[in-house]
Amino acid sequence: MENDKKAKRDKKYMKKVLKLAQKGEGYTSPNPMVGAIVVKNDKIVGQGYHHFFGDAHAEANALEEAGDKARNAELYVNLEPCCHYGKTPPCYHKIIEAGVKRVIIGMEDPNPKICGKGIKYLKKAGIEVKTGVLEAESKKLNEFFIKYITTDYPFVILKCAQTLDGYLATSSGDSKWITNKKARNFGHKLRHKVDSILIGKNTLLEDNPQLTTRLQECKSTDSLRVVLDENLEIPVDSRIIQQDSTAKTLIVTAESTSYRKIKKYEEIESVEILTLPVNNGNQLPLKSLLNYLHDEKQITSLLVEGGGTVNYSFLKQDLIDKVYAFIAPKILGGNNGISVFNGKGSEKIKDSRNLKNINIDNLNDNILLSGYLN
């Protein structure tokens, strides 16, 4: 009975920790989101979270607020305390020095530099350690970080706004607006969460988007904008280039593109050019691009807001981790619209791709269907 009460209490405080950690959403990358709470005699005496990359870690903030009350207290944290020097000193030192008697952890850190070592040091110092409290919730919160730290690619989200019959635009390219204002606002929240946003050249030429994050309820920073343009045809006066933004635009083009073409873009301060070899179909190599974003730009997450061809390319190469499909109660009819996935799809239902762990939300008269492909 006593153990049941303790387990229930641990879950109660870990839920609070996860809410604290989420306050850092959109600001901590490439670090994870972490929250921490110091509890003594079943009262919170200190709490904190990781505010932004390079800032103090959650444990340090919580222990500082707790002060002397941290001695013989319990520390709740959703991710294993770090044990290596990075932008800040390792957290396990501070925990030991504070005299904490028990540490409750949501999940082990998948970072190879840590991966159980922080827990080992705490136990060696005589501190009681419990792991795996709300582990599934802890992993979901930091799914971007987990994919980034354990693979060579960022976490890829595909976002699409479609009619009931599966079109993202009419045959003429008109798509404003398929979804309602609430759905579009949710799209900006997705932009706030991720490190980068990708579109293809055709989407840019048709919509001339800004690809910035416009949210009134939080201080947002823009994500890196990535444009696939194998022949380098986008106008230099496009809004994606000529705007006041905190982020740059990365234009990805073919290695064979002439320097004369590239030069006029290189002279624009807000633009970076990446050249990659194209395949036989004159398509840019998406895996090489994702690897570049991961290794060179420390991009943990990518939001694909492309057209049907770009969407299909990501799907065909099995590069999509999660899908957000905004479905409006509109029917174009016929077969002349632009499909969400524009390519040669499966000929049999048994070969189709199925979303897992599906979630359905109502956004007034729109539906948001989200789920995982990988």
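**Reading loops, sheets and helices**

Guide: Asn-364 sits in the loop that links strand S15 to strand S16 (366-372). Here helices (H or I, at least four residues) and strands (E, at least two) are DSSP runs, numbered from the N terminus. The model is predicted, so local features need pLDDT of at least 70 and side-chain atom pairs count only at pLDDT 80 or more, while totals for chains, interfaces and linings use all residues. Residues are numbered from 1 along each chain as its sequence is written, and side-chain values use heavy atoms, with hydrogens and water left out.

Visitor: What is the phi of Asn-364?

Guide: Most residues other than glycine have a negative phi, and most peptide bonds are trans. Asn-364 is not a glycine, yet its phi is positive, at about 55°. Asp-42, in the loop between strand S1 (35-40) and strand S2 (43-49), also is not a glycine and has a positive phi of about 60°. Just after helix H11, Asp-318 takes a positive phi of about 60°.

Visitor: Which peptide bond is cis?

Guide: The bond from Ser-29 to Pro-30 is cis, with omega near 5°. Pro-30 belongs to the loop between helix H1 (2-21) and S1.

Visitor: Is Asn-364 buried or exposed?

Guide: Buried means under 20% relative accessible area, exposed over 50%, and partly exposed in between (1.4 Å probe, protein chains only). Asn-364 has 62% relative accessibility and therefore counts as exposed. Asp-42 is partly exposed, because its relative accessible area is 42%. Asp-207, in helix H8 (residues 201-207), has 25% and so is partly exposed as well.

Visitor: What does Asp-207 touch beyond its sequence neighbours?

Guide: A contact requires heavy atoms within 4.5 Å. Not counting residues up to four places away in sequence, Asp-207 touches Ser-175 and Lys-176. Ser-175 is 32 residues from Asp-207 in sequence, and their C-alpha atoms are 8.5 Å apart in space.

Visitor: In what order do the strands of the open sheet of 9 strands stand?

Guide: Two strands pair if DSSP finds at least two bridges between them. The order is S11-S10-S9-S8-S12-S6-S13-S16-S15, and the pairing is mixed. S11 (271-276) and S15 (356-363) each have a single partner strand, so one side of each is left without a neighbour in the sheet. From one strand to the next, the twist averages 20°. S10 (residues 249-254) pairs with S11 in the parallel sense over 6 bridges, and Ile-251 has Ile-273 of S11 as its bridge partner.

Visitor: How does helix H11 run relative to S12?

Guide: Axes are lines fitted to C-alpha atoms, for helices over the stretch in contact, and angles run from 0 to 180 degrees between N-to-C directions. H11 runs at about 135° to S12 and lies across S6, S8, S9 and S12. H11 is mostly covered, with 7 of its 9 residues buried; among them are Val-310, Tyr-312 and Phe-314.

Visitor: What joins the side chains of Glu-305 and Arg-191?

Guide: A polar contact is a pair of N or O atoms within 3.5 Å; within protein, one must be able to donate a hydrogen and the other to accept it, and residues adjacent in sequence count only if both atoms are side-chain atoms. The polar contact between Glu-305 and Arg-191 is 2.9 Å. Glu-305 lies in the loop between S12 (301-304) and H11 (308-316). With a relative accessible area of 13%, Glu-305 is buried. Leaving aside neighbours within four places in sequence, Glu-305 has contacts including Lys-159, Ile-197 and Leu-211.
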